[in-house]
Amino acid sequence: MSPGLTGCFSGLLLTVGWLFLAGLQSACGTNVTAIQDTGLAHESESDGEGEGENEEEAENDSEVEENESQAEVEEDVSNRTVVKEVEFGMCTVTCGVGVREVILTNGCPGGESKCIVRIEECRGPVDCGWGKPISESLGSVRLACIHISPVNRFKYMWKLLRPDQQPMILANDSAILEVHREAYPLAFECDTLENNELIATVKFTVYTMNELQIRRSSRPDTDAVLVFVLTIGVIICVFVIFVLIFIIVNWAAVKAFWGARSSTAEIQSELSSVRYKDSNSLDQAPTEIPVEDDALSEWNE
């Protein structure tokens with residue numbers, strides 16, 4: 001072979017090799033690009049799924065919060081309704097410490113209109129003024145402080161009141177004090193305390209034996225009079241009720257009776273009017289006769 005042909009052949013081989021290498025590189029590049037594209041696609045899908053899951057979780061959280069808020073509102077409304085449906089009874093005392101009933105007006109068991117829910121403590125003014133002994137005799141008197149059960153819940157302080165002097169605190173710290181009558185009247189005061197707070201105070205007067213007898217003898221016998229008046233009033237009320245019942249039951253007979261009486265009264269009134277007219281006519285007749293006689297005499301003349 002000539003040197004020119006060998007050079008051409010070698011150049012052709014180089015060209016073909018370069019073209020082959022370029023084709024391989026382009027093929028590899030497309031594969032890498034495809035792989036990168038698929039990876040990006042998977043990443044975007046995963047990102048989209050993550051975002052969707054985050055959105056769903058956010059929606060669920062918002063729904064939970066809304067449900068909780070609604071539950072809180074419903075609880076508030078229910079609590080307000082319960083407060084409105086509860087009423088309180090009267091306190092057992094007008095001063096000091098007592099108890100009262102808490103009554104439910106709706107939602108009672110058994111369809112009742114009202115039911116007692118609980119018993120709670122109630123309080124009034126501290127000063128209860130002058131009280132009365134729980135028992136007394138000619139020799140002694142028993143006094144009681146203001147309290148409710150349990151008795152040992154409170155602290156009691158008894159004082160002997162003296163005119164123009166400071167009260168003398170007694171050693172007795174119980175709720176009941178028994179006092180023997182003296183030759184002169186005595187005055188006592190009891191303070192009811194809870195946690196060093198004054199709950200109630202009440203005073204008592206213990207009279208002497210002679211004063212007690214005088215008060216009992218000078219007391220008017222109003223009880224007997226009151227019982228008599230109440231008895232008479234009850235009897236009159238019962239009689240009136242029986243009369244009304246009798247009239248209602250025998251209304252036809254009563255109506256006929258009153259009709260007969262009214263007709264009899266009308267007849268009597270008519271008879272009396274007729275008699276009155278007759279008497280008037282008789283009274284007027286003599287005055288008319290002389291007038292006729294005078295006319296006849298004048299005619300004859």
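A residue is called partly exposed when its relative accessible area lies between the limit for buried, under 20%, and the limit for exposed, over 50%. The views below come from a predicted model.

**View 1. The salt bridge between R153 and E121.** The closest N and O atoms of R153 and E121 are 2.5 Å apart, and the two residues form a salt bridge. R153 is located in the loop between β6 (140-144) and β7 (155-161), whereas E121 belongs to strand β3 (residues 115-123), so their pairing ties together parts that are 32 residues apart in sequence. E121 has a relative accessible area of 29% and is therefore partly exposed. R153, with a relative accessible area of 31%, is likewise partly exposed.

**View 2. The salt bridge between E194 and R123.** In this pair, the closest N and O atoms of E194 and R123 are 2.7 Å apart. Because E194 lies in strand β10 and R123 in strand β3, the pair ties together parts that are 71 residues apart in sequence. E194 is buried, its relative accessible area being 14%. R123 counts as partly exposed, at 42% relative accessibility.

**View 3. The salt bridge between R181 and E136.** Here the closest N and O atoms, one from R181 and one from E136, are 3.1 Å apart. R181 is in the loop between β9 (176-180) and β10, and E136 is in strand β5 (residues 135-136); the pair thus links distant parts of the chain, 45 residues apart. R181 counts as buried, at 12% relative accessibility, while E136 has a relative accessible area of 43% and is partly exposed.

View 4. Side chains of opposite charge can pair when their charged atoms come close.

View 5. E189 is found in strand β10 (residues 186-194). Its nearest side chain of opposite charge is that of K203, 4.5 Å away. A salt bridge requires a side-chain nitrogen of Lys or Arg within 4 Å of a carboxyl oxygen of Asp or Glu, and E189 has none. The side chain of E189 is instead joined to that of T201 by a polar contact of 2.9 Å. Apart from neighbours within four places in sequence, the residues in contact with E189 are M157, W158, K159, L161, T201, V202 and K203.

How values were computed: Residues are numbered from 1 along each chain as its sequence is written. This is a predicted model: local features need pLDDT of at least 70, side-chain atom pairs count only at pLDDT 80 or more; totals for chains, interfaces and linings use all residues. Side-chain values use heavy atoms; hydrogens and water are left out. Helices (H or I, at least four residues) and strands (E, at least two) are DSSP runs, numbered from the N terminus. Buried means under 20% relative accessible area, exposed over 50%, partly exposed in between (1.4 Å probe, protein chains only). Lys and Arg count as positive and Asp and Glu as negative; His and the chain ends are not counted. A polar contact is a pair of N or O atoms within 3.5 Å; within protein, one must be able to donate a hydrogen and the other to accept it, and residues adjacent in sequence count only if both atoms are side-chain atoms. Contact means heavy atoms within 4.5 Å.
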